[in-house]
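Okay, thanks for coming, everyone. Let me put the structure up, and then I'll walk you through two spots in it.

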Amino acid sequence: MALQPSSGHEGSGMKTQEGQSNPVLASDVHNIDQGLIEKMLYDALVWSSLHGLVVGDRSSQRSGKMPGVGMVHAPFSLLPTSFPESYWRQACEIAPIFNELVDRVSLDGKFLQDSLSRTGKVDAFTSRLLDIHSKMLQMGKNEDIRLGLHRSDYMLDQQTNLLLQIELNTISSSFPGLSCLVSELHRSLLGHYGESLGLDSKRIPQNTAVDQYAEVFAKAWAEYNNPRSLVMVIVQTEERNMYDQHWLFHVLREKHNVKSIRKTLAEVDAQGELKPDGRLFVDGQEISVVYFRAGYTPNDYPSESEWRARLLMEQSLAIKCPSISYHLAGTKKIQQELAKAGVLERYLDSQEDIAEVRKCFAGLWSLDDPVIIQKAIENPKLFVMKPQREGGGNNIYNEDVKVNLLRIQKEGTEEDAAYILMQRIFPRASPTFLVRDGICHKDHAVSELGVYGTYLRNKEKVIVNQQSGYLMRTKVSSSNEGGVAAGFAVLDSMYLT
Ligand code: ADP
Ligand code: MG
Ligand code: MG
């Protein structure tokens with residue numbers, strides 16, 4: 001364990017709280033005694049080890065393959081981050097509306113195909129997904145039972161005071177397991193040290209993501225209605241974030257007595273079989289629910305084998321989470337199309353819901369708008385350029401926005417269709433203790449709130465449509481990207497103010 005001094009960013013403006021009699025806010029970390037921080041850090045590291053708040057350690061070769069080998073605590077923030085309760089409520093209220101929106105959009109095959117067709121021409125990955133989707137349209141395949149496990153991510157924009165959506169994930173929404181543990185860790189720390197800090201552990205909202213995810217899996221499995229069937233988790237060949245996944249399926253087995261298996265796409269190709277009636281068997285066992293924690297990035301499809309597996313599963317009667325149309329409905333291109341005037345109205349009935357959803361849309365544009373391109377070239381810092389990718393680390397920022405826009409303009413190719421442009425959101429930065437590899441750094445950091453949503457329906461019957469816990473991620477404000485697994489951010493929880 002080591003405590004490192006602040007790595008710069010010590011603007012005098014950050015030291016205003018000194019001497020104030022107010023209780024210490026979660027964001028006001030300057031007044032906290034070093035000795036207390038050391039004690040909390042030690043306790044937090046012990047707590048993480050004892051409670052499974054762990055990931056595979058990069059420095060251990062087998063840690064991504066073999067559970068129980070080479071574990072390290074997941075990166076976390078030592079204290080929860082302050083977040084206004086009103087915005088938290090707003091994000092919770094809107095979650096079921098987004099669930100419904102994804103479902104409605106997924107049923108509009110023509111909208112998905114038309115919106116993504118230009119992108120598909122220049123982006124091979126999107127093109128392959130579109131191929132599968134159009135095959136399903138041709139087959140007239142209906143998904144009667146539809147399962148959505150989504151996470152809508154937001155940042156609180158400092159200038160406008162608006163909670164703005166970063167993106168809506170419909171595939172592989174990660175950290176339902178570990179995010180709950182971080183909330184518990186913070187509650188435990190505040191339970192012991194809250195008095196000295198002037199913080200009340202009850203202000204950290206209960207995080208029920210793992211229980212709600214497991215419950216909706218159990219319900220989907222029950223809808224499929226074969227007690228011998230299994231839930232199949234599609235995983236990458238190496239996965240350091242495996243414990244987050246294992247938490248989910250541990251709860252599913254312990255609480256609901258539903259069994260699951262883990263398979264890579266290549267294994268599904270080798271062991272999978274479609275019965276004439278459409279039932280999916282893998283390794284001789286019937287699969288009722290397929291849950292993708294892989295398959296969202298081109299890297300997951302190194303050969304035709306993986307694409308065959310994806311198609312096989314899509315054609316089957318198994319409940320896919322997500323189905324190909326749910327997957328496409330969560331692309332950044334569709335996010336941008338939904339933000340156009342009059343589009344939400346096609347999918348949502350209530351004016352109130354439409355207004356709520358629209359309120360959290362940031363500026364989103366396609367690259368065929370010359371006025372906005374010119375603005376972005378002149379002021380690249382105010383925009384983010386995004387390709388149709390997931391998993392972090394793919395976006396373009398700052399001067400690179402200008403360079404790429406000018407290059408695409410000059411080349412005059414269709415490459416513009418691979419990207420969308422988004423208004424850059426600037427959340428307020430505050431000093432934070434970030435803990436990684438047992439080392440605590442103090443730095444200025446910004447946070448991104450993810451709100452999980454679960455949705456299950458069978459034909460006309462909506463069985464589940466809920467907000468289902470949250471993920472807070474915090475990263476040093478000088479970093480553009482925010483992925484925890486990608487090494488940019490730490491897991492965090494929320495201290496309601
Ligand atoms: P991915 O699907 O790869 O997670 P995101 O759209 O979430 O893609 O972008 C990755 C990260 O980039 C986000 O977690 C966030 O930190 C940052 N980011 C994305 N869009 C914006 C934006 N409009 N303004 C500021 N930061 C952004
Ligand atoms: Mg994403
Ligand atoms: Mg993201």
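**An asparagine and a ligand**

Let's start with asparagine 207: its side chain reaches the backbone nitrogen of alanine 209 at 3.4 Å. That's a polar contact, meaning a pair of N or O atoms within 3.5 Å; within protein, one must be able to donate a hydrogen and the other to accept it, and residues adjacent in sequence count only if both atoms are side-chain atoms. Quick housekeeping: this is a predicted model, where local features need pLDDT of at least 70, side-chain atom pairs count only at pLDDT 80 or more, and totals for chains, interfaces and linings use all residues. Residues are numbered from 1 along each chain as its sequence is written, chains are lettered from A and ligands numbered from 1 in the order in which they are written, and side-chain values use heavy atoms, leaving out hydrogens and water.

Back to asparagine 207, whose side chain also makes a polar contact with the side chain of serine 183, at 3.4 Å. So is asparagine 207 buried or exposed? Buried, because its relative accessibility is 10%, and buried means under 20% relative accessible area (1.4 Å probe, protein chains only).

Now, ligand 1. A polar side-chain atom of glutamate 448 sits 2.5 Å from one of the ligand 1 oxygen atoms, and for lysine 475 a polar side-chain atom is 3.1 Å from an oxygen atom of ligand 1. On the backbone side, a polar atom of glutamine 423 lies 2.9 Å from a nitrogen atom of ligand 1. Taken alone, ligand 1 exposes 540 Å², and the protein buries 96% of that (Shrake-Rupley method, 1.4 Å probe).

Technical notes:
Buried < 20%, exposed > 50% of the residue type's maximum accessible area, 1.4 Å probe, protein only.
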